[in-house]
Amino acid sequence: MLPMGGRMQDWPLTVDRLLDGAAQWHGATEIVTRYPDGSVFRSSYADLALRARLVSQALRKAGVGQGDVIATLASNSLDHLAVWYGVMGIGAVCHTLNPRLHDDQLAYIANHAGDRWLFADGMLVAQAGRIAARAPGIGTIVTINDPRSGGFGEYPHLDEFIVGCDGADCAWGGFDERLTAGLCYTSGTTGDPKGVAYTHRSNTLHAMNTMAPDAFALSARDVIMPVVPMYHANTWGLAFSGPAVGAKLVMPGPQLDGGSLHALIEAEGVTFAAGVPTVWQGYVDHLRERGIARTSMQRVVVGGSACPASLIAALEALGTTVIHAWGMTELSPVGLVATPTPSVLALSTDEQREQALKQGRPIGIDARIVDESGRALSRDGSAVGHLEVRGPGVIERYVGHAHSALSDDGWFDTGDIASIDRHGYVRITDRAKDIIKSGGEWISSVDVENALLTHPDVALAAVIGIAHDKWGERPKLYVQLRPSLDEGDGRDLAQVFRDYLAARIARWWVPDEVEIIGTIPIGATGKIDKKALRALHEAGSQPAY
Ligand code: AMP
């Protein structure tokens with residue numbers, strides 16, 4: 001038997017350690033913020049750690065303590081990071097509000113979470129005021145970001161809020177790693193939004209998992225640009241993993257159009273970025289229109305919704321390796337990453353391309369697919385079932401819920417439908433609520449969309465299920481054309497698209513109805529809003545072609 005006494009240090013996994021480490025060992029490494037007016041502000045990890053401590057000290061002076069909920073309404077910036085770490089460092093909870101949500105939803109979320117303070121971008125003060133008016137718990141609004149632009153009305157700027165603070169005697173951490181650090185609400189496409197509380201421990205473990213070579217392979221040599229907002233599922237962990245490796249950070253602010261992203265990527269030498277497919281589609285379209293054939297960006301994580309083959313091809317042609325990833329608000333949030341195993345690298349080039357379209361293999365989680373009765377299905381690539389996950393970065397219960405969100409045997413149902421192949425790659429075929437059941441068989445809307453997106457005239461495609469007397473449901477296709485295309489060029493585009501699909505997918509999957517619309521609705525996190533499309537269909541919109 002081992003004699004008593006030998007052990008490792010009990011070092012709580014609290015996120016303040018990540019920023020302190022970055023300030024200690026990469027203090028001069030830059031954090032670049034682009035303000036809404038396009039100007040660039042340069043700072044460093046040493047500056048960030050100090051600014052965050054000043055925020056902590058000012059909050060403490062104002063009576064904020066452990067467990068208090070402090071909201072932000074802001075784009076990605078140095079100030080947002082300072083508030084994020086300043087709040088978490090003292091054991092308070094940083095609740096990131098998504099400015100793209102409707103006032104009603106934001107007021108509901110702020111009240112539900114018990115938000116007490118609100119730090120808002122200067123350009124969002126009107127919205128912040130409206131939320132505070134309906135969420136009486138919010139006593140104070142502080143504006144952040146570009147102090148030169150002024151015009152913040154009655155609210156103080158962060159620079160004023162921290163006046164008189166020096167960062168001394170402001171210890172961070174020293175509490176249980178299971179304390180809540182951050183809070184995000186689900187997008188609420190079914191029912192009210194639900195709160196997901198991330199702990200210091202889950203954030204730290206997630207950062208460690210995602211920076212590994214089989215995930216994002218992050219290092220101090222990277223220049224990381226989190227295009228995914230800090231309010232979308234925890235910035236996919238980048239606000240933690242970036243400091244954890246000491247990489248230069250480029251915070252793009254609110255302008256996420258293709259031209260703005262490209263300019264920043266080239267000016268700052270961004271090597272790694274992450275965002276949803278619609279953002280990267282705008283980026284590759286911008287480059288294509290200008291005949292730009294090469295960029296400095298080495299790797300890009302695309303996730304949040306399925307990454308189309310056409311987008312992967314366009315990014316790879318620019319010299320950027322695409323890392324397809326899957327995650328959700330209910331995780332910390334990344335759970336699957338499509339980085340190859342030796343068995344995948346042994347496949348033919350075409351087969352490897354097919355693998356890259358899948359969402360990938362588990363990183364820091366355990367995953368399985370089950371049938372309707374909860375029976376685990378085999379990993380043969382063809383069995384399709386409900387994707388369930390578990391792990392230290394997976395939700396146990398939603399904020400304010402008395403009951404667990406897990407099955408009796410401890411798994412969380414993601415609401416996604418998937419298969420798992422012999423390489424361990426998960427392929428998401430649909431959200432359970434988006435799945436189309438035609439004549440008793442499932443049609444994958446993702447597969448139909450992917451097939452059409454390779455057509456040169458198509459900018460965006462979305463398939464929904466619509467009621468059908470004989471088949472129960474049939475797919476309906478919505479298409480947004482490329483801007484350069486003349487809609488009135490005389491072709492029957494609906495038929496063109498149906499013929500194109502018939503050559504690529506099972507005939508009975510080809511949508512009977514095709515509608516070409518000016519703009520496909522995009523939801524608050526940059527994903528196609530199928531709920532809005534279903535409403536559009538129900539409102540009786542007629543096919544344009
Ligand atoms: P959210 O919580 O808003 O990030 O949404 C999570 C959901 O987005 C997941 O349950 C999936 O349905 C979807 N999702 C995320 N990443 C992917 C991906 N790479 N491919 C397909 N769907 C995805």
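Leaving aside its neighbours within four places in sequence, which residues is Leu-357 in contact with? Select Leu-357 and look around: Cys-307, Pro-308, Ala-309, Ile-312 and His-324 are in contact with Leu-357, where contact means heavy atoms within 4.5 Å.

Before moving on, please note that this is a predicted model, in which local features need pLDDT of at least 70, side-chain atom pairs count only at pLDDT 80 or more, and totals for chains, interfaces and linings use all residues. Residues are numbered from 1 along each chain as its sequence is written, and side-chain values use heavy atoms, with hydrogens and water left out.

**Stop 1: Leu-357 and His-324.** Leu-357 belongs to helix α13, residues 349-357. Helices (H or I, at least four residues) and strands (E, at least two) are DSSP runs, numbered from the N terminus.

**Stop 2: the ligand.** Stay on His-324, where a side-chain N or O atom is 3.0 Å from a nitrogen atom of the ligand. Next, select Gly-304, which has a backbone N or O atom 3.0 Å from a ligand nitrogen. At His-232, a polar side-chain atom lies 3.2 Å from an oxygen atom of the ligand. On its own the ligand has 490 Å² of accessible area, and the protein covers 90% of that (Shrake-Rupley method, 1.4 Å probe).

Now show the 14 residues around the ligand; Ala-325, Thr-329, Asp-416, Arg-431 and Lys-527 come nearest. A residue is near a molecule if one of its heavy atoms lies within 4 Å of it. Strand β13 (residues 321-327) gives the largest share of this shell, four residues. Colour the shell by class to see four nonpolar, seven polar and three charged residues. Here Ala, Val, Leu, Ile, Met, Phe, Trp, Tyr, Cys and Pro count as nonpolar, Asp, Glu, Lys and Arg as charged, and the others, Gly among them, as polar.

**Stop 3: two loops.** Go to Pro-333, in the loop between β13 and β14 (334-337). A cis peptide bond joins Ser-332 to Pro-333, with omega about 25°. Then jump to Ala-233, in the loop between β9 (223-226) and α8 (238-245). Although Ala-233 is not a glycine, its phi is positive, about 45°.

**Stop 4: a helix pair.** Finish with α14 (residues 445-452) and α15 (residues 493-502), which pack at an angle of about 110° with axes 9 Å apart. The contact uses Val-448, Ala-451 and Leu-452 of α14 and Phe-497, Tyr-500 and Leu-501 of α15. These residues divide into six nonpolar, no polar and no charged.

How values were computed: Axes fitted to C-alpha atoms, helices over the stretch in contact; angles between N-to-C directions. Polar contact = N/O pair within 3.5 Å; in protein donor to acceptor, adjacent residues only side chain to side chain.
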